[in-house]
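Good morning, and thank you for coming. Please look at the sequence and the structure on the screen while I take you through them.

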Protein chains: 2
Amino acid sequence: MKWVYVEDIGKHVGEEVCIKGWVYHLRSIGKVCFVVVRDGTGIIQCVVTQADSPEAFAAFDSLTLETSCEVTGVVREDRRAPGGYELLTGSLKIVHRSEDYPITPKEHGIAFLMERRHLWLRSSRQNSILRIRAEVMRACRDYLDERGFVEVDAPILTPASVEGTTTLFETDYFGERAFLSQSGQLYNEAACMALGKVYCFGPTFRAEKCKTRRHLTEFWMLEPEIAFANLEDIFQVAEGLVCYIVERVLERHMRELENLGRDIARLEAIESPFVRITYDEALEILAQEGHRIEWGEDFGGDEETILSSAYEKPVFIHRYPVKAKAFYMQPDPENQELAMCTDMLAPEGYGEIIGGSERIHDLGLLERRLEEFGLPREPFEWYLDLRRYGSVPHAGFGLGIERTVAWICGIRHVREAIPFPRLIYRVYP
Amino acid sequence: MKWVYVEDIGKHVGEEVCIKGWVYHLRSIGKVCFVVVRDGTGIIQCVVTQADSPEAFAAFDSLTLETSCEVTGVVREDRRAPGGYELLTGSLKIVHRSEDYPITPKEHGIAFLMERRHLWLRSSRQNSILRIRAEVMRACRDYLDERGFVEVDAPILTPASVEGTTTLFETDYFGERAFLSQSGQLYNEAACMALGKVYCFGPTFRAEKCKTRRHLTEFWMLEPEIAFANLEDIFQVAEGLVCYIVERVLERHMRELENLGRDIARLEAIESPFVRITYDEALEILAQEGHRIEWGEDFGGDEETILSSAYEKPVFIHRYPVKAKAFYMQPDPENQELAMCTDMLAPEGYGEIIGGSERIHDLGLLERRLEEFGLPREPFEWYLDLRRYGSVPHAGFGLGIERTVAWICGIRHVREAIPFPRLIYRVYP
C-alpha cells in the first residue's frame with residue numbers, strides 16, 4: 001500500500017493509499033465515525049463506517065487523541081471536509097495508543113504549555129508558525145544568495161563580546177574563558193573583506209534579565225555585511241529583504257496565515273518605499289504622543305511600540321546618538337555626535353526587527369572608541385587588524401528572525417516564534 | 001562611474017566601470033604595469049600605462065599588497081588575463097594603504113596562519129573553500145526543502161547531553177547548569193512528530209580533547225529526522241543527499257575546485273548506488289588489511305581511513321554493536337546486540353561524514369537504556385514523553401558539514417573547512 005503525505009493527497013483521488021499519523025480529532029454522527037488524522041503536513045478526515053471498515057468501527061470508541069496510526073482507504077474529494085479531501089477508511093491500525101494526552105482543546109496556561117513545548121508543537125497553530133518561520137529563513141537566504149552574497153558562518157565560541165560584557169554567557173574553554181556570541185558582525189567584517197558580500201545566519205545569545213515579549217536569551221539572527229557599502233546601501237538591502245520575506249510568506253503560506261487569524265491586508269500593504277525618519281524626528285513624534293525622553297537615550301520597548309504603531313509599514317529610524325549605540329559605528333560626517341546607523345521597526349507595535357550601521361574603518365578612531373567604551377583591547381586585536389591592512393568603508397545589519405516571524409504571524413510574544421524558546425527562567429525542554 | 005563586481009565584469013566589455021577591491025599582486029613588464037585586484041568575487045588584472053593613467057603609473061612603485069583601492073577603466077576581453085578580462089586603467093584611487101601585510105606568497109606555518117585567520121580568508125584558496133562550503137550548505141537545504149522537510153531549529157542551550165556528559169561545554173544559566181548542544185537530534189524527534197519530516201541545521205559542540213584532522217570543538221551539522229521512517233529510508237535520503245551535494249558543487253564551482261587542485265574525476269564518480277556493508281563485514285576488511293579490533297568496539301580514525309580508502313565512492317557501514325553506539329538506537333529485531341544504525345564514510349580516506357539510525361520508540365526499552373548508559377532521567381523526561389503519547393518508529397541522521405566540505409575540496413584537515421575554526425587550543429580570532 002502506498003504511503004502518502006496529506007499535503008500530497010490531492011494527487012491520489014480515487015486511489016487506495018496509506019496515511020501515517022496521529023489522531024487529531026474524533027466525532028461521530030449516527031452510524032458514521034470521523035477520525036481526523038494529522039501527519040504533520042496536513043490533516044485529513046477518515047470516514048469510518050460499519051460496512052467499509054468494521055474493525056475500525058468497532059475500535060472507534062477506544063481511540064484517543066494523539067494515538068499514532070496507519071489508515072488505509074480510498075481518497076475522495078469533498079469540499080465540506082477540512083482540507084478538501086477525505087479518506088474512505090478500509091483499515092485503521094493503531095501504532096501506539098496515547099493515554100491522557102495532556103494538551104486538550106480547552107485553554108491551558110502559558111507555563112503549562114511551555115513546559116510541554118515538545119508536545120505543544122503538534123498543535124495546528126504551532127505547526128503554522130513553524131512553517132512560516134522556515135519560509136522566512138529560506139526567503140532570507142534566497143534573497144541574499146540571488147544577489148551574490150556568500151554565507152560565511154561566524155563562530156559561536158568567542159574570546160570577546162560585541163555589545164558589552166555584562167550580558168554574556170560564559171564557558172570554560174579548556175582552561176580559558178570563552179563567551180557565546182551575541183552577534184556574528186565582527187567576524188562578518190573580516191569575511192566581507194575576503195569575499196565582498198557575505199552573511200552569517202545562526203543562533204546568538206544574550207544573558208539579559210529581560211522578561212519582555214520581545215526578548216529571548218537564544219535567538220537566530222541574519223547578518224549581511226558589505227564591503228565598500230554605506231548607510232544608503234543598508235536602507236536598500238534591508239527594505240528589499242523585508243519586502244521579499246513578506247511576499248514569499250503571502251505567496252506560499254496563505255493557509256497558515258489564515259489559520260493564525262492574521263489580518264492579511266496588513267501584510268499585503270508592505271511594499272517599498274518605507275518611511276525614513278531621524279532619531280531627532282522620532283523624539284518629536286514621541287513628544288507629540290506625550291512621551292518625553294532625554295536626547296541621547298536609546299529607545300526601549302515603550303518607545304518602539306509608540307513609534308511602530310504610527311506607521312502602516314516598517315519604518316527606518318536613523319542617526320541615533322553615538323553614545324546610545326555600539327562602539328563600532330561610524331559617526332555622521334555632518335555631526336560627529338550622531339552614528340551612521342538605522343533601526344527598522346515593524347508596524348503594529350512590533351518594534352525593532354533590524355539594526356544596522358556603517359562601521360568605523362579608521363584605526364585611530366576605533367582604538368579610541370574601544371577605550372571610551374571600556375572594552376579590553378587584546379581580544380579585539382584581530383578586529384583592529386581589519387583597519388590596518390586595506391581598510392575600507394563597510395556596512396551591515398542584523399535581522400532578528402523571531403521578531404520578524406512574530407510580526408508576520410501576528411503573535412504577541414516571540415516565545416512562540418522559535419521551536420524551543422530559551423527565556424530567563426526556561427531552558428527546558 | 002558604475003561600480004561592478006569582478007564576477008559580473010563579462011557583462012561590461014567595452015564599458016568604463018569602477019572596481020573596488022584590494023591589491024592582490026603587482027608586476028611590471030617594461031613600461032606596462034599590472035595591478036591585480038581582488039574584490040572578493042574574483043580577481044582582475046588592471047593594466048596601467050604612462051599614457052592612459054599617468055598618476056597611477058607614477059604611484060605604482062609605492063603600491064603594497066592588500067592596499068584597498070578603487071580602479072576605473074575600460075573592460076577588455078583577453079584570454080591570457082587571469083579570469084579572461086582585464087581593465088585598461090584610467091584612474092586608481094587608494095582607499096587605504098596597507099603596510100607590511102603579514103601573509104606573503106611564501107610558505108607560512110599553520111599556527112601563523114590560524115592566528116591570522118581573519119586575514120588568511122582573503123587568499124584565493126580560502127575564498128574557494130568558503131564558496132564551496134556555502135554551496136554545500138545551500139544544497140543540503142535545497143535537497144530537503146524540495147522533499148517537503150521543514151527546517152525546525154533545535155536549541156543550543158540544553159539541560160541534558162545526547163552523547164554523554166564528559167564532553168560538554170557548560171554554562172551558568174541564571175543559576176542553573178546548561179550545556180551547549182552536541183546534536184539537535186532529540187529535539188528533532190519531537191519536531192518530526194509535529195511536522196512529519198524535519199531538519200535542523202546549526203552549530204554543535206563537543207568539548208573533546210581530540211587533536212585529529214577530523215575534529216573541531218564547534219562544527220555545523222545538518223540533521224534530518226523522519227517520522228515513520230526506518231533504516232532503509234535513511235540509506236536512501238543520505239545517499240540522495242550526498243549525490244546531490246557533489247553534483248551541485250561540480251555544476252557551480254568547477255573554477256573553485258580547479259583552484260584547489262581537486263581531482264575532479266574522483267568527484268564525478270560519486271553516484272548511486274553506494275556500497276552497504278555490515279559492521280561484521282567491515283571487521284573482516286580491516287582484518288584483511290592486518291588491522292584487528294575487538295568485536296563491539298566503535299571505529300576510530302585509523303579504521304575509518306582504511307575502510308574509506310577501500311572504495312571509490314562513499315560506503316555505508318551498518319548494524320554496529322549496540323554497546324558501541326548512543327543510547328537511543330533501535331536494536332535490530334534479528335539480533336538485539338546490533339543497532340539499526342549506519343555511518344557513511346567518504347572515500348579517499350576521509351572517513352565518517354554521516355551517522356544515523358532508527359530511534360527507540362518503546363518507552364520501557366528507552367528507560368532501560370538511559371539506566372544502562374548511566375544517564376540522569378530528569379532532563380530526559382520530555383524525551384520520554386515522545387514515547388508516551390503516540391510513539392512512532394522514526395529515524396534520522398546527522399551530516400557533518402566541515403568533514404563533507406574537506407572531502408569535496410580535497411583538503412586534509414577540517415580546520416580550513418570552517419571560517420573561524422575552534423580547536424582544542426584555539427578560540428581566537
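This is a predicted model: local features need pLDDT of at least 70, side-chain atom pairs count only at pLDDT 80 or more; totals for chains, interfaces and linings use all residues.

Let me begin with the interface. On the side of chain B, 100 residues are in contact with chain A, and they meet 100 residues of chain A. The size of an interface is often given as the accessible area lost when the parts come together. Here chain B and chain A bury about 7,800 Å² between them. Carbon and sulfur atoms account for 63% of that area. Which three residues supply more than any other three of the area that chain B buries against chain A? They are B:Phe174, B:Phe228 and B:Tyr389, and together they supply 10% of it.

The interface also has polar features. Between chain B and chain A there are 46 residue pairs in polar contact. The element that gives the most to the side of chain B that touches chain A is helix 4 of chain B, residues 124-146, with ten residues. By residue type, that side of chain B divides into 51 nonpolar, 17 polar and 32 charged residues.

I turn now to the salt bridges. Over all chains, the structure holds 68 of them. How many salt bridges cross the interface of chain B and chain A? The count for that interface is eight.

In another salt bridge, the side chains of B:Asp142 and A:Arg138 meet at 2.3 Å, N to O. This pair crosses between chains, with B:Asp142 in helix 4 of chain B and A:Arg138 in helix 4 of chain A, residues 124-146. Both B:Asp142 and A:Arg138 are buried.

My other example is the salt bridge of B:Glu312 with B:Arg266, where the closest N and O atoms are 3.8 Å apart. Here too the pair links distant parts of the chain, 46 residues apart. B:Glu312 is in the loop between helix 10 (301-308) and strand 13 (315-318) of chain B, and B:Arg266 is in helix 8, residues 264-268. B:Glu312 is exposed, with a relative accessible area of 53%, whereas B:Arg266 counts as partly exposed at 30% relative accessibility.

Next, the cysteines. A disulfide is a covalent bond between the sulfur atoms of two cysteines. Over all chains, the count of disulfides is zero. B:Cys341 is buried, with a relative accessible area of 1%, and B:Cys409 is buried with a relative accessible area of 1%.

I close with two individual residues. B:Ala207 is placed in the loop between strand 10 (197-205) and strand 11 (218-227) of chain B. With a relative accessibility of 14%, B:Ala207 counts as buried. Neighbours within four places in sequence aside, B:Ala207 is in contact with B:Thr167, B:Leu168 and B:Phe169, and with A:Phe174 of the other chain. From B:Leu65, B:Ala207 is 142 residues away in sequence and 39 Å away in space, C-alpha to C-alpha.

The second residue is A:Thr204, in strand 10 of chain A, residues 197-205. A:Thr204 is buried, with a relative accessible area of 3%. Beyond neighbours within four places in sequence, the contacts of A:Thr204 include A:Ser181, A:Gln182, A:Ser183, A:Phe219 and A:Met221.

Thank you for your attention.

Methods
Residues are numbered from 1 along each chain as its sequence is written. Chains are lettered from A and ligands numbered from 1 in the order in which they are written. Side-chain values use heavy atoms; hydrogens and water are left out. A disulfide is a pair of cysteine sulfur atoms within 2.5 Å. Buried means under 20% relative accessible area, exposed over 50%, partly exposed in between (1.4 Å probe, protein chains only). Contact means heavy atoms within 4.5 Å. Buried area is the accessible area (1.4 Å probe) that two parts lose on being put together, summed over both. A salt bridge is a side-chain nitrogen of Lys or Arg within 4 Å of a carboxyl oxygen of Asp or Glu. A polar contact is a pair of N or O atoms within 3.5 Å; within protein, one must be able to donate a hydrogen and the other to accept it, and residues adjacent in sequence count only if both atoms are side-chain atoms. Helices (H or I, at least four residues) and strands (E, at least two) are DSSP runs, numbered from the N terminus. Ala, Val, Leu, Ile, Met, Phe, Trp, Tyr, Cys and Pro count as nonpolar, Asp, Glu, Lys and Arg as charged, and the others, Gly among them, as polar.
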